Amino acid sequence: MEQLVLTLKEQIIETLNLEEITPDDIENDAPLFGDGLGLDSIDALELIVILDKYYGIKLGSPAEAKEIFTSINTIADYVVKNRTK
Amino acid sequence: MADKAWAGTTYGGSKMHRYLVTTLRYIDVRLLYGFAAIFVVPVCLVLNESRKTAYRYFRDRHQYGRCKAMWTTYVNHCKFAQVVIDKFAMYAGKTFDVKVEGLEHFNALANGEEGFLHLSSHIGNYEIAGYTLGSDKKTIQAVVYAFEKASVMQNRNNMFSKTNVSMITLKEDMSHLFEIDQAICKGDIISFPTDRCMGQTKVVEALFMGAKAKFPQGPFSVATMRSLNVLAVNVMKTGLTQYTIYVTPLVYDKSQPRKVQMQQLIAAYTAELERQLKQYPTQWYNFYDFWN
C-alpha cells in the first residue's frame with residue numbers, strides 16, 4: 001500500500017505538472033480539491049485518465065468520483081479493490 | 001457586454017429572443033442589419049463599456065490611428081449585431097451560403113476511429129456553421145456554458161435535434177468531465193470554446209497579438225492527456241449572407257513531455273487566431289479586457 005500511495009503521488013505530480021511539489025508535500029489524508037492540493041475540475045478529468053491508463057479502472061459517475069478523489073488514501077483504497085492491471 | 005468580465009450569456013432577454021426569431025421568419029436579415037446599424041449600435045456604443053475595450057483592441061493590438069480605431073469600433077459593433085441577427089435567423093429556419101476551407105483536414109479525422117477536438121473562439125460566428133461540419137461516423141459533442149439564457153439553449157436544442165450534434169454543459173459538479181471523457185473514448189468530436197476562462201481556475205498565459213493573454217487550460221489539457229488531434233475551426237462572415245469555415249490542423253509533437261506539448265498546442269492555436277484576426281480584424285467579439 002505504501003508503494004502504491006507513492007506511485008499515485010508521483011503520477012499525479014507528473015500528469016498535473018505540479019513542478020514545485022514533491023510526494024512528501026502531499027499528505028495522504030489531505031483533501032485534493034479546494035483548500036488542500038487545490039486541484040480543479042480539469043484535474044479531476046486527469047485523475048480519471050490516470051485511473052483508466054495505469055490501473056484499468058473506468059469510473060461510472062461523478063458522485064462516485066467525488067468520493068474516490070477525496071484524498072490520496074481514498075484513491076489508493078479504491079485502486080487496491082478495483083484495479084484490473 | 002461588459003468591461004472586465006463576461007456574463008456568459010447572449011445579450012438580451014428571453015422575450016426579445018423570441019420576438020427576434022418570430023420577426024426573422026418573415027423579414028430579410030438585411031433590413032434588421034440596417035435598423036441595427038442606424039438605431040441600435042449607436043445607442044449601444046453610448047451605453048455600453050464595450051466601446052472602450054473594442055477601441056483599445058484596435059489601437060493596441062492592430063496599431064490603428066484614433067480615427068480608424070473609432071470607425072472600426074463602430075463597424076465591429078455593427079458586425080456583432082449582424083452575427084447575432086444571423087444566429088437568430090438560423091433559429092428561425094433561414095440558411096446562409098457556407099464555404100469551407102480545409103475540409104480535407106476535417107474529413108481525414110472524421111473518417112478515422114479516434115476522437116478529436118474542435119477549438120473555436122468568439123470571432124466570426126462559430127454557432128452558425130461550425131456544427132455543420134457533420135460526420136456520419138461521429139457525433140459532435142459541443143461543450144457549452146451552463147449560464148446561457150434558457151431561450152438560447154432551447155433554440156440550440158431545437159436546431160441540434162435535426163443534426164448529430166449534442167451539447168455537454170459545463171456544470172458545478174464533475175458530470176461534464178465524464179461526458180467529455182466518454183465522448184473521447186467513443187471516438188466523437190469534442191467542440192470546445194477556447195478563448196474564455198469561464199468557471200475555470202487554471203489558465204495558461206500566451207503571447208497573443210503582441211501581448212500576454214490568458215486562455216483556459218482545459219481544452220489543451222484534454223487534448224494532450226489523450227494525445228488527440230486538434231483542429232481550429234473558425235467561421236468568419238465573408239459576405240452579407242455568406243460565411244467561410246476555416247479548418248486548420250493544430251500541430252504539436254506528441255512525443256515531447258506533456259508540458260511542451262501544451263505549449264506547442266497553445267502557440268499553434270494563438271497563431272491561427274492571429275491569422276484570422278489579421279484577415280478579419282472587425283470580427284473580434286470578446287467585449288471585455290481580454291489582455292489584462
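The model is predicted: local features need pLDDT of at least 70, side-chain atom pairs count only at pLDDT 80 or more, and totals for chains, interfaces and linings use all residues. Residues are numbered from 1 along each chain as its sequence is written, while chains are lettered from A and ligands numbered from 1 in the order in which they are written.

**Stop 1: the two domains of chain B**

Select residues 14-91 of chain B for domain 1 and residues 97-283 for domain 2; such bounds come from an automatic or database domain assignment. The C-alpha centres of these two domains of chain B lie 24 Å apart. Their contact takes 18 residues from domain 1 of chain B and 17 residues from domain 2 of chain B, where two residues are in contact if their C-beta atoms, placed from the backbone, lie within 7 Å.

Next, colour helices H1 (14-26), H2 (29-47) and H4 (66-91) of chain B, each of which supplies at least two residues of the side of domain 1 that touches domain 2. Helices (H or I, at least four residues) and strands (E, at least two) are DSSP runs, numbered from the N terminus. H4(B) gives the largest share of that side of domain 1, 10 residues.

**Stop 2: H2(B) against H4(B)**

Keep H2(B) and H4(B) in view. They pack at an angle of about 135°, with their axes 9 Å apart; axes are lines fitted to C-alpha atoms, for helices over the stretch in contact, and angles run from 0 to 180 degrees between N-to-C directions. H2(B) and H4(B) are therefore oblique to each other (angles under 35 degrees count as roughly parallel, over 145 as roughly antiparallel, 65 to 115 as roughly perpendicular and the rest as oblique).

Show the side chains of the contact. Among the residues of H2(B) are B:Leu32, B:Ala36 and B:Val40, and H4(B) contributes residues including B:Tyr74, B:Cys78 and B:Ile85. By class, this contact of H2(B) with H4(B) has 14 nonpolar, 2 polar and 1 charged residues. Here Ala, Val, Leu, Ile, Met, Phe, Trp, Tyr, Cys and Pro count as nonpolar, Asp, Glu, Lys and Arg as charged, and the others, Gly among them, as polar.

**Stop 3: the sheet of chain B**

Select the strands of the open sheet, 7 in number, with the order E1-E9-E8-E2-E5-E3-E4 (chain B) and mixed pairing. Two strands pair if DSSP finds at least two bridges between them. At the edges are E1 (97-101) and E4 (165-170) of chain B, each pairing on one side only. From one strand to the next the twist averages 25°.

Within the sheet, E2 (116-120) and E8 (229-239) of chain B run parallel and are joined by 4 bridges. B:Leu117 stands opposite B:Val230 in E8(B).

**Stop 4: chain A meets chain B**

Display both chains: 12 residues of chain A are in contact with 18 residues of chain B. H2 (41-55) and H3 (62-68) of chain A each supply at least two residues of the side of chain A that touches chain B, and H2(A) accounts for the largest share, 7 residues.

Finish on H2(A) and H8(B), whose axes are 10 Å apart at an angle of about 45°. These two helices, H2(A) and H8(B), are therefore oblique to each other. Their contact is made by A:Ser41, A:Ala44, A:Leu45 and A:Ile48 of H2(A) and by B:Leu177, B:Ile180 and B:Asp181 of H8(B).
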